[in-house]
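Dear colleague,

Please find below the structure I am handing over to you. My findings follow directly after it.

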Amino acid sequence: MRAESTEALGIDLADPRHYEHDAARNLFARLRGERPIWWSPRADGRGFWSVLRYRDIVTVSKNPRLFSSARSLGGHRIHDETEVEITQGLEASMLSMDPPEHNTYRGMVSPAFTAERIRRLEASIRARVTALLDRIAPSGGCEFVSSVAAELPIQVIAELLGVPQEDRLRLFEWSNALVGEDDPDMRRSEEHIRQCTKDMGAYALKLWRERLRRPGDDLVSMLVGTEADGEGMSVPRYFATFFLLVIAGNESVRNTISGGLLALSQYPEQRRKLVEQPALIPQAVKELVRWVSPFLHMRRTATEDTELAGQRIARGDKVVLWYLSANFDEEVFEQPERFDVTRTGPQHLSFGQGQHFCLGWRLAELQLTVLFQELLRRFPDIEPHGPERRVRSNFVRGIKELPVRFTPER
């Protein structure tokens, strides 16, 4: 028997409007207090459980035997993967795998994200940030997402993959189409998604063939040449890994840069602390990621009848882990609605938990640290100059446009 559902209260947690207009935090706070495991029916007959508390999300994340990520059970988002997503020559990415298969493929990619390798990228990242800020410095204003927030991560991921910088905007367009969910600016049609998937696959295959002939020290060369248990990565699995690296490397950093700048503008006393004490910025980045929560959820599927926090869950039920809710859980974070760049304590869940903890977290934090160090040093008074436009999605928490102004450099 289902618990009282959100439908009875007129609440649909899959409705992207909650996240487009930034109303979800108060909604989740209310729901955590009333019933931390919520059932939401859907018109297609496949409703889902929403897991709202930090501790329950950790429990699910660390138990892949009971709560599976496998594509065969529907994938890692609220909706089941569409025909477009499963018939374009792609196998499941690591996000849609369970152990031991997940561990095997994670091990093939993880050498690219060691602490030492990421540290060696700092100089090139700082040079990229400096060039981006030099470009906007004389103007006194810009559209911040396209000029800075989107440019930095897509340039960095292109460098890691060994992709020419002139091709980076193609990666950016493909990434937007594949993760854009309900946003008409990003997912214009099923045919558009299909074409983007086809084009990105063809581009990835071209890189694969080039690296077979002339391997280098980039990430694609590593994927082409790596082996696990005596076997190399298959081309379909490489496709899925390439897609995942582009999307994850782009979305989380871009959305935290733009959302983080907005937060610092809304809380000027916190921004002042970072301007006056830039040594706080590496720690403050963790609070920015918590506050923004760039990926709203991940999904699992129950593999057998079980119970979570006293709620019975049936075999085959979708179980959606709302990171945005967990990152503001009063049981875990002291005064979670207080934006505090000096906050220490428990780790946010924006990078996941358990075997799916984000491989690229060090790279994300490094980009964010360098960006805000340079941005606040050069433009301490930067602030929005007009309303932001948010991505229409229940999966990513992003900003499409954010006009800003600042004192120009002469």
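Of the 410 residues of the protein, 57% count as buried. Please note that this is a predicted model, and that every value in this message was computed from it. The accessible surface comes to about 16900 Å², and carbon and sulfur atoms supply 49% of that area.

As to the fold, the protein contains 17 helices and 14 strands. Its radius of gyration is 21 Å, close to the 22 Å that the globule rule gives for 410 residues, so the protein is as compact as a globular protein of that length. The C-alpha trace spans about 70 × 55 × 40 Å along the principal axes. When contacts between residues at least 6 apart in sequence are considered, 73% join residues at least 24 apart.

Charged side chains were also counted: 56 are positive and 59 are negative. The centres of these two sets lie 2 Å apart.

Is arginine 53 buried or exposed? Its relative accessibility is 13%, and because buried means under 20%, arginine 53 counts as buried. Apart from neighbours within four places in sequence, the residues in contact with arginine 53 are Pro36, Ala309, Ala326, Asp329 and Glu331.

With kind regards

Notes:
Residues numbered from 1 in each chain as written. Predicted model: local features only at pLDDT ≥ 70, side-chain atom pairs only at ≥ 80, totals over all residues. Heavy atoms only, no water. Helix = DSSP H or I, 4+ residues; strand = E, 2+ residues; numbered from the N terminus. Rg over C-alpha atoms; globule rule 2.2 N^0.38 Å. Buried < 20%, exposed > 50% of the residue type's maximum accessible area, 1.4 Å probe, protein only. Contact = heavy atoms within 4.5 Å. Areas by Shrake-Rupley, 256 points an atom, 1.4 Å probe, with all protein chains shown as cover. Lys, Arg positive; Asp, Glu negative; His and termini not counted. Charge placed at Lys NZ, Arg CZ, Asp CG, Glu CD.
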